[in-house]
Amino acid sequence: MSRICCIFALAISRSGAVVARWAHNPKVVRSSRASATQSVVKSFIYKGLATGLFKEPGQKRDTLKSNTHLCILVTKNVKKMCSKKLHVKTCSSVISYTYPKLYTGKSWYVGLKAFDPATGKMRRKRFKLNHIEKVSSRRKYANDFMRRLVHQLEQGWNPWIEAEDSKAYHTFVDVVAKYKATLIKKHNDGALREKTLVDYTSRLRTLELYIESRKMPMVYIYQFDRYFVNEFLEHIYIDRNNSPRTRNNYLTWLSTFSTWLVQQMYLKEKPTEGLEAIRRTKGRQKDRDIIPDHEMQRLHDYLGKENPHFLLACYFLHYVLVRPKEMSYIRIRDISIARGTLFISGDVSKNGKDAVVTLPAKVIQYMVDLKVFDKPGHYYLFSAKFIPGPERKSEKNFRDYWSRKVRPALGWGLRYKFYSLKDTGITNMLRSCDVVSVRDQARHSSILITDIYTPTDLKEANAILLTYDGIL
């Protein structure tokens with residue numbers, strides 16, 4: 001038996017057509033290498049039995065019928081070989097195609113079989129030749145065409161993969177791993193916001209889970225086409241019953257991911273091309289509400305007992321109008337008690353510009369009560385458990401504590417979000433202050449943005465227009 005296995009390995013090495021891109025990935029398809037190569041192995045053994053390749057020295061040629069058991073034994077032995085690390089490379093290099101052959105008759109064509117990674121099976125491929133009128137020209141073309149096909153097949157070309165670039169043969173798992181590494185590198189270099197990194201990673205994980213749930217999981221990156229993207233968006237919008245906005249956000253991310261795939265030459269064109277966002281007939285509305293005064297009082301009383309330092313975080317969002325990401329970067333040295341101001345670096349601000357905003361006396365006094373200024377100046381204001389400390393914590397901690405602790409404790413619905421505190425703060429300020437002051441505190445680029453928050457009961461008629469009298 002060992003001699004047979006050696007002959008088998010030798011025959012493979014002599015074929016001179018080892019395929020580097022073996023179209024079977026057991027980590028993804030979750031099946032053994034032996035099962036994938038079984039048809040090729042049997043084909044080789046049957047030919048060997050018929051031609052006497054496996055006969056021992058001095059032994060007469062055995063018939064195929066009398067040596068059927070030998071085929072089974074050799075196949076099993078090859079399976080064992082493939083399970084050993086020393087032979088994995090040899091077994092995974094078995095040719096995944098048959099050589100082209102000319103078929104004549106009513107229909108002339110060049111035919112071959114090739115492994116289709118999408119189905120996990122060998123499939124027949126036909127190249128029709130009837131469009132060439134003269135038989136002599138047809139035969140000459142077929143011979144030249146078959147030579148070209150053999151060269152392409154030996155170079156790793158697969159007729160079932162419609163892509164010229166070899167990168168299309170990369171597995172989806174490997175490409176995703178490189179994409180994740182790229183996102184992390186951009187974030188570390190300051191080219192990608194932490195919130196964006198978290199958002200992209202979350203959506204990518206949803207995509208991976210969807211692929212795992214399919215009957216035919218995605219193996220190669222070329223399978224990430226428009227048909228698949230459209231199916232995934234239907235899964236998000238219909239199967240998961242998400243809102244149009246969520247579906248549109250996924251489409252935006254998929255477009256970004258597709259652009260990266262094209263730039264890295266994994267794909268020729270973006271699979272999201274031609275897919276449109278769902279347009280609402282009504283104006284876009286926020287998915288959060290203003291918190292009424294009596295509920296704000298309940299929030300103050302609850303956090304004053306349960307977590308005074310998180311109450312300070314609520315103060316910063318409500319009174320100072322600082323965004324959660326900016327809050328996570330505040331150090332004690334950024335606060336000036338004498339001037340009553342907070343410095344926000346352009347490195348962390350949304351618009352990329354340095355800014356100085358006002359700290360109301362109420363907020364400063366509360367920090368004094370919490371002994372915040374007793375800590376070193378380089379400490380982050382909201383570190384572990386929202387207490388000043390040397391380690392920066394993600395902005396996600398604010399939202400998590402709000403949704404897991406605060407909202408359930410107060411019996412609030414989903415429309416009372418942590419960011420509702422900022423909306424509520426702007427609305428209440430507009431009742432007492434001028435629009436320009438509120439605009440500067442919120443660091444809005446225009447009064448028009450601030451005016452969106454203006455309560456309807458403050459939008460009164462213009463006194464000048466009330467007494468205006470024209471010539472008509």
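1. Start with K417: leaving out residues up to four places away in sequence, K417 touches D287, R288, W402 and R407 (contact here means heavy atoms within 4.5 Å). K417 sits in the loop between α15 and α16 (420-432); helices are DSSP runs of H or I with at least four residues, strands are E runs of at least two, and both are numbered from the N terminus. With a relative accessible area of 26%, K417 is partly exposed (buried is under 20%, exposed over 50%, partly exposed in between, using a 1.4 Å probe and protein chains only). K417 and W402 lie 15 residues apart in sequence, and their C-alpha atoms are 7.6 Å apart in space.

2. A word on the basis. This is a predicted model, where local features need pLDDT of at least 70, side-chain atom pairs count only at pLDDT 80 or more, and totals for chains, interfaces and linings use all residues. Residues are numbered from 1 along each chain as its sequence is written, and side-chain values use heavy atoms, with hydrogens and water left out.

3. W402 turns up again in the largest nonpolar core, which has 40 residues; W402, F310, L312, F316, M327 and L342 have the most contacts inside it. (Such a core is a set of buried Ala, Val, Leu, Ile, Met, Phe, Trp, Tyr and Cys residues joined through side-chain atoms within 4.5 Å.) Two or more residues each come from α11 (293-306), α12, β5 (341-344), α14 and α15 (396-410), and α12 gives the most, with 9 residues. Setting aside neighbours within four places in sequence, F310 contacts L303, F386, F398, Y401, W402, V406 and F418. There is also a second, separate core of 30 residues, with L207, I211, L267 and L275 among them.

4. Have a look at α14 (residues 361-369), whose buried residues are V363, I364, Y366 and M367. They share one side of α14 because they cover an arc of only 160 degrees around the axis (taken from the directions from the helix axis to the C-beta atoms). The cover over these buried residues includes α12 (308-320) and β4 (335-336). Exposed A361 and D369 are on the face turned away from the buried side. Just after α14, K371 has a positive phi of about 60 degrees.

5. Lastly, α8 (residues 194-213) packs on α9 (residues 226-239) at about 100 degrees, axes 11 Å apart. T206, L207, Y210 and I211 of α8 meet F228, E231, F232, H235 and I236 of α9.

Conventions:
Axes are lines fitted to C-alpha atoms, for helices over the stretch in contact, and angles run from 0 to 180 degrees between N-to-C directions.
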